Amino acid sequence: MNKHFRIHGDNIVECERLYTIISKSIPIQNEERFFLTPACPSVKVITTNNDTMLFEYFPGFNKNTSDRWTSNIFQILKDNGSILNETPDVLLTKVTNNSEIILLAIEFCSALQAGNQAWQRSGRAYSTARSNICPYLYIIDFVKYELDENRNRIALRFPNAALPYSYYYASKNWKYPTIQVYFKSEEFQPSFDSSLEHFDTSLFGEKNVYSLLYGLIYGIDVNPIYDTLIEKSLKILDFMSTSSSTNSFSQEDWTSIRNNYSGNIIDFVKENNHFPFCKKIAQNSITGHNIDFANLAAKYSIGIGSKDLPFGLIPSYNKINFTNELRIIYPEMNDDFYNKLATEKDLIVCIFKGFKPRGDDARPDRGILPFIAMLCGETIEILTFVYGETSESTLQKLDQSILSLAGGNGLWNAIVSLSDFIILDAPQITRTINAPNIVRLIQNKENKLATLTTKKQTLNMLIYAIPTHYTENDVDTFMHIIFNYIIPNTFESFCNPPGGDWSGISLINSLEPSYGTEFRWLTLPRISASKRPDHITMLFNLLEKPLIICTESKESAGDLESNIGPALKKYISDLLLYCPSVERPICSDTWTISTATIDASDFKYASVGCFLAPIDFDLSTISIKCNCDVLIGFDVDTSISRCQMQIKGFSDLGDVLADYLKITIQHCNLPINIFDIY
């Protein structure tokens, strides 16, 4: 039996992550890696049943205005109701009759699920689910800890239970399920944290996902597996909920919503009215009438799920009084806005800052309105109040065409797609002293309705495997392939291509990669005085100590920052000042909380800059600027599906490493080696 699949991923890491799960799902006898084209690493698998399976990787989606591939796999979802420019990490497709059928969408998360980060990915789940094309899994590493500035654990953090509940409720409303699945994380240590002692480890979903992928690959009914995963997610929701609370729904409340209210959280809220919605606004963010609006919402609202969530319900019986007082705060409200708002219909009020001080999206806030839609359904009215700093260009686009603004901005895309009413009350960036806030009241019902009801026909599509151009994504793919499948005696400590997951770095304290201990640092700092590498690779048996190779990848040589080499190495030396989060013997899958001290002097360090460049490009022209030990240039020759490669050292250590890489690549005869050294 021959089967042909494709893995479309944000990057090479997400493609490999899904294939790793697949490799645990099917009985593999032999696998061979090769390049379909220089952009598409692939794996040919022979199973123990002598089935032949081909898995082709397509790292680097077409996103927003990108035209990396001649066709966009996400157009299939968009034409069937995927309304947001939010995409999952990876899609698994089956190739048949010169077309691709999407079997599964997955989002991976190894980050801390706390605060607004918890719903950052809700837009991806919601937008994929409502297309009714495929199931969606949100795979979460469970558990994670919040750290202080010295990387000491402060507390175990769970998301508000309303978030996993929203996935359950969304699954009731769409053709295919949208499920949060929990995988056991490295820090899940009941012996270390008593709050985990009574957690039922059978609720972890790894084995169920393996069975699901086996069923999807072989065309077996997988509905019982969906039911099991949903049931497990609800039990973990119960674990996250408190037995009683005055500020959030209790475990009993969530059970009652499911059993007594057919899952409808709005009906439960109106009948029980546990607490009001109280949005906290930081003192330094108080401008315009945002406090007045928040107080008005608190006066007439009921909280949903928790006081900490930035939205609440104005029940139908309070709606007209709320609207009348709102018009006192904003006398500029026109009659159209007033008449459409002053009805006896339930209203969700959502308040968020949305934009950073320079006007950039606060990315997590893109997910709050999709979260509400998943939690409460699409038919509920929503009034969105935004009080974050607004740039002059944003304001101009808003006044000229709100739909055009939404088309080019992820946050406004969510606001316009899912809000019936919008209030912007925000300071303008670079405003003069005592200048009033920018205020806009927008009646948006027609735009929301049009967005939610417009669909096209399903597209049959087969992505052409040669990209329109090569990008930084390909540089990262090349580096990952070289150090994982061509250069022996290596260990990939970290790989962070565009859109990658940088939640952990691992190091091995041995000259032999198959022995020793793996130490892992989790929840990496977002901001550092040094420069976090894009790749960290350990090379053994070249020097008297393990060599840590810190790599910065860019699309072009000119993109490399000044003095990047020392900054890359400093990131590791800074990290080693702190105790690892966890550790395990290389021969074991069992992690323990680490108390070890790792000495930076136990390792050697090399910095590498890599990029796309013509084969006649002189690497030495940028060596002084970037100050890397080694520079690598890639030049793809599409006519022969090969990649020409320059490697040059610019230090004593760099010369040793460059010579070793060149000799090893030249003598590697594996099909995966498409690299010619020049």
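**Before you start**

This is a predicted model: local features need pLDDT of at least 70, side-chain atom pairs count only at pLDDT 80 or more, and totals for chains, interfaces and linings use all residues. Residues are numbered from 1 along each chain as its sequence is written, and side-chain values use heavy atoms, leaving out hydrogens and water.

**Stop 1**

Most peptide bonds are trans, and most residues other than glycine have a negative phi.

Select Phe142 and Val143. The peptide bond from Phe142 to Val143 is cis, with omega near 25°. Val143 sits in the loop between strand E7 (136-142) and strand E8 (144-147). Helices (H or I, at least four residues) and strands (E, at least two) are DSSP runs, numbered from the N terminus.

Go to Arg151, in the loop between E8 and strand E9 (153-157). Its phi is positive, near 65°. With 15% relative accessibility, Arg151 counts as buried. Buried means under 20% relative accessible area, exposed over 50%, and partly exposed in between, with a 1.4 Å probe and protein chains only.

Jump to Asn627, in the loop between helix H19 (623-626) and strand E25 (630-637). Asn627 is not a glycine, yet has a positive phi of about 60°. Its relative accessibility is 39%, so Asn627 is partly exposed.

**Stop 2**

Select Ile102 in strand E6 (residues 99-109). Ile102 is buried, at 6% relative accessible area. What does Ile102 contact, leaving aside its neighbours within four places in sequence? Show Ile73, Ile76, Leu77, Leu91, Leu92, Thr93, Ile133 and Cys134. Contact means heavy atoms within 4.5 Å.

Now pick Arg258, in helix H7 (residues 251-260). Arg258 is buried too, at 16% relative accessibility. Not counting residues up to four places away in sequence, Arg258 touches Tyr165, Tyr168, Leu234, Leu237, Asp238 and Gly263.

**Stop 1: a helix pair**

Select H4 (residues 162-173) and H12 (residues 368-376). The two helices pack at an angle of about 60°, their axes 7 Å apart. Axes are lines fitted to C-alpha atoms, for helices over the stretch in contact, and angles run from 0 to 180 degrees between N-to-C directions. H4 and H12 are therefore oblique to each other. Angles under 35 degrees count as roughly parallel, over 145 as roughly antiparallel, 65 to 115 as roughly perpendicular and the rest as oblique.

Show the side chains. Residues of H4, including Tyr165, Tyr169 and Ala170, meet Phe371, Met374, Leu375 and Cys376 in H12.

**Stop 2: one face of H9**

Select helix H9 (residues 290-300), where Asn290, Phe293, Ala294, Leu296, Ala297 and Tyr300 are buried. Look down the axis: the buried residues fall within an arc of 160°, so they line one face of the helix. The arc is that of the directions from the helix axis to the C-beta atoms. Among the elements covering these residues are helix H10 (319-329), strand E13 (347-352) and strand E14 (381-386).

**Stop 3: cysteines**

Select Cys278. Cys278 is partly exposed, at 30% relative accessibility.

Finish at Cys643. The nearest cysteine sulfur, that of Cys610, is 11 Å away. Cys643 is buried, at 0% relative accessibility.

Terms used: A disulfide is a pair of cysteine sulfur atoms within 2.5 Å.
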